[in-house]
Amino acid sequence: MIRRLREKKSLQGNLLISPTMIFMVGMLVIPLLLTAVVSFGRRAPDGDVIFTFSLDNYARLSGLRTNCEDGSRLCFDPIYAQILWRSISLAFNTTVLVILLAYPLAYFIARAPAKRRNTYLFLVLVPMWTNFVIRVYAWLMILRTQGVLNNFLGSLAGLLNLHFTPLEMIYTPGAVLVGMVYEFLPFMILPIYTSIEKIDNSLFEAAADLGANPIRTLRRITLPLSMPGMVAGTILVFVPVMGTFIVSDLLGGRQVILVGNLIQNQFLIARDPTFGSAASLVLMVLTLIVTFIYTRKFGFGEEIVSA
Amino acid sequence: MAEFAVELRDVVKTFPNPGGGEVHAVDHVTLKIEQGEFFSLLGPSGCGKTTSLRMIAGFEWPTEGVVYIDGKAMGRTPPFLRPVNTVFQNYALFQHMTIFQNVAFGLEMEKASTDDINRRVGAALEMVQLRGMDKRKPKQLSGGQQQRIALARALVKRPAVLLLDEPLGALDLKLRKEMQLELKALQHQVGITFIYVTHDQEEALTMSNRIAVMEKGKALQIGKPEEIYERPNCRFVADFIGESNFLTGTIKELAHDSVSVILNELVAEIVGIPIGTLRTGQSVIISIRPEKIRIAEQQNFTNNALNGVVKSVTYIGSETRILVNIDGVELAVWEQNRISTLNLQAYYSEGQNITVHLFPENTLVLPAD
């Protein structure tokens with residue numbers, strides 16, 4: 001046995017990854033299959049699952065109904081489609097804003113003197129030592145009607161003798177966007193930083209030497225060569241934003257319901273695991289499709305550098 | 001057209017030292033590089049040659065002094081506004097672009113027309129014999145081919161001056177020798193001033209019209225290859241370019257074209273050529289190339305003859321290198337193997353008594369540092 005192990009490289013490899021494999025199968029593959037099975041079930045009156053093969057949950061998610069209030073045979077209820085669309089567009093807006101904010105900072109850090117870079121990266125990561133929920137809660141304190149920002153603006157207006165009505169910032173899509181951007185910024189900064197830092201300094205010099213001013217160097221050299229970082233960051237931001245519910249729960253209140261909130265509600269409040277499972281699977285498939293289209297278009301970024 | 005293609009006037013460049021204080025990377029260097037010249041900056045690593053080149057390119061700005069390109073003071077003109085182009089040591093090709101896009105990049109920055117770009121890139125690739133490679137990526141080419149692309153990318157802009165920072169350093173010896181001759185021919189063909197940084201003395205001697213030998217931020221000697229080799233003006237240059245035997249002594253008599261020196265190490269008087277300003281009684285260094293010493297079984301001349309014993313004989317093909325011990329002082333003597341024989345040891349063997357003749361015209365007397 002031991003001898004066979006020494007001789008067979010593939011066996012060694014399998015043995016080495018087997019703890020990970022067992023964990024992944026037990027904690028990901030099996031639960032996912034269970035979710036799929038449950039999603040085709042029916043909800044029992046007591047909130048239990050009746051295992052059968054029914055497409056009811058998916059039909060409900062699609063918004064198509066047969067028994068309509070106005071008496072027609074088929075009608076469309078857009079509520080879930082709206083939630084899905086809201087989630088996708090929020091994830092998209094978050095990703096775009098995060099790229100716009102992260103890129104200059106990542107560039108600044110990557111081109112700073114080597115000994116200062118670690119300090120800057122450390123500062124980027126420091127907020128992550130605080131619990132995720134607490135950080136979102138801090139935004140609640142800042143944005144609410146009697147919050148830090150309104151108080152500050154109020155006293156500023158008072159100094160200038162102006163009338164001030166507190167701004168309604170909390171429980172709006174804007175508040176959720178701010179929270180998302182804040183939460184996921186580091187996940188964009190780090191991969192972009194890494195890809196800019198990898199660009200040899202002589203390439204910037206070569207571009208300048210050949211007559212490119214700093215803006216053209218950015219457009220023709222820096223941006224294309226840091227695409228891998230932006231692609232990686234986009235996946236790291238877009239995918240979790242699609243699924244998260246804490247930010248929208250705390251900063252969006254009842255006003256901004258995302259797919260994550262929908263799923264959470266089905267399991268914890270409506271006690272309908274079958275519909276929750278169906279929504280989870282639809283979210284997953286949608287995310288996969290978006291990611292697939294995106295990586296088809298931009299690649300994972302490696303081929304730009306390695307081809 | 002200005003008198004000089006590039007001029008460095010009393011240029012100083014200091015960098016902050018990590019341990020505090022400043023490092024003088026370039027220390028009061030003055031260079032006048034003529035139009036169309038192949039000029040080399042030669043020296044060991046850290047001598048300031050690359051920093052000097054980077055100040056001409058505009059990647060660094062002088063702490064003191066002025067850099068002139070084509071007669072215009074550059075001041076803090078950024079690299080993209082200077083009429084010079086650089087071939088980088090690691091080539092610095094853009095990996096995300098094809099060969100064509102790499103070479104076209106500089107022309108696009110000039111907003112040249114598409115026709116013009118196609119024509120000039122084609123001609124540039126032709127010039128470096130890489131036509132047909134234009135759709136490949138840099139990684140798909142060999143080191144030597146990448147080197148040529150870097151050259152084409154810089155030359156396609158028709159710069160007033162081409163700066164080359166050890167461009168052949170990453171190539172193997174045989175390819176390097178080929179490229180040396182090719183570069184020289186190319187420079188002749190395009191007629192552009194080349195400023196070439198290298199630590200390889202043979203490379204500098206092979207290619208250059210003139211060489212500046214640098215050490216510790218200073219340009220020690222500037223001259224034609226033969227001047228640098230045959231009349232080094234200090235011990236460092238004599239030692240760094242080729243090989244030299246060194247003896248020390250004191251001047252006994254000084255004439256216009258000859259000087260006699262009493263040696264410190266040996267009881268002997270040597271006559272040689274005075275280099276630089278010397279005076280009677282001054283401490284001096286005597287420098288003599290190993291290939292310029294004559295070895296004989298008996299003393300043929302009375303002047304400049306030293307008797308010694310053969311310490312070792314090394315056959316290296318084109319020549320035989322003999323180490324001679326003269327009362328404790330060792331001299332290297334290289335004899336050309338002019339006769340085809342398998343029995344070199346028949347001439348000289350270890351322990352043999354011989355005489356070395358240092359001809360006065362080959363014996364340089366330099367001021368001691």
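Modeller: I would begin with K292(B) and E230(B), which form a salt bridge with their closest N and O atoms 3.2 Å apart. A salt bridge here is a side-chain nitrogen of Lys or Arg within 4 Å of a carboxyl oxygen of Asp or Glu. This is a predicted model, in which local features need pLDDT of at least 70 and side-chain atom pairs count only at pLDDT 80 or more, while totals for chains, interfaces and linings use all residues; side-chain values use heavy atoms, with hydrogens and water left out. Residues are numbered from 1 along each chain as its sequence is written, and chains are lettered from A and ligands numbered from 1 in the order in which they are written.

The part in question is the boundary between the two domains of chain B. Domain 1 covers 4-236 and domain 2 covers 243-367, the bounds being taken from an automatic or database domain assignment. Between domain 1 and domain 2 of chain B the count is one salt bridge. Three residue pairs across this boundary are in polar contact, both residues at pLDDT 80 or more. A polar contact is a pair of N or O atoms within 3.5 Å; within protein, one must be able to donate a hydrogen and the other to accept it, and residues adjacent in sequence count only if both atoms are side-chain atoms. On the domain 1 side, helix α7 (residues 225-230) of chain B gives the largest share, three residues. Helices (H or I, at least four residues) and strands (E, at least two) are DSSP runs numbered from the N terminus. By class, that side has four nonpolar residues, one polar and three charged. Ala, Val, Leu, Ile, Met, Phe, Trp, Tyr, Cys and Pro count as nonpolar, Asp, Glu, Lys and Arg as charged, and the others, Gly among them, as polar.

The C-alpha centres of these two domains of chain B are separated by 39 Å. Eight residues of domain 1 of chain B touch ten residues of domain 2 of chain B, contact meaning heavy atoms within 4.5 Å. Together the two domains of chain B bury about 850 Å², with carbon and sulfur atoms giving 56%. Buried area is the accessible area (1.4 Å probe) that two parts lose on being put together, summed over both. Of the area that domain 1 of chain B buries there, 65% comes from Y229(B), R231(B) and R235(B), more than from any other three residues.

Within chain B there is also a salt bridge between E60(B) and K13(B), whose closest N and O atoms are 4.0 Å apart. E60(B) sits in the loop between α1 (49-57) and β4 (64-69) and K13(B) in strand β1 (residues 4-16), so the pair ties together parts of chain B that are 47 residues apart in sequence. Over all chains the count of salt bridges is 27.

Now the contact with the other chain. Chain A contributes 21 residues and chain B 25 residues. The area buried between chain A and chain B is about 2,100 Å², 59% of it from carbon and sulfur atoms. D209(A), L210(A) and R220(A) lose the most area on the chain A side, together 35% of what that side buries. Helices α9 (201-209), α10 (214-225) and α15 (302-306) of chain A each supply at least two residues to the side that touches chain B. α9(A) gives the most, with seven residues.

As for confidence, pLDDT is the predictor's confidence in each residue, from 0 to 100. Chain B averages 92, with 99% of its residues at 70 or above; chain A has a mean of 89. In chain A, α9(A) has the highest mean, 96, and α15(A) the lowest, 47. The complex has an ipTM of 0.87 and a pTM of 0.84 from the predictor.
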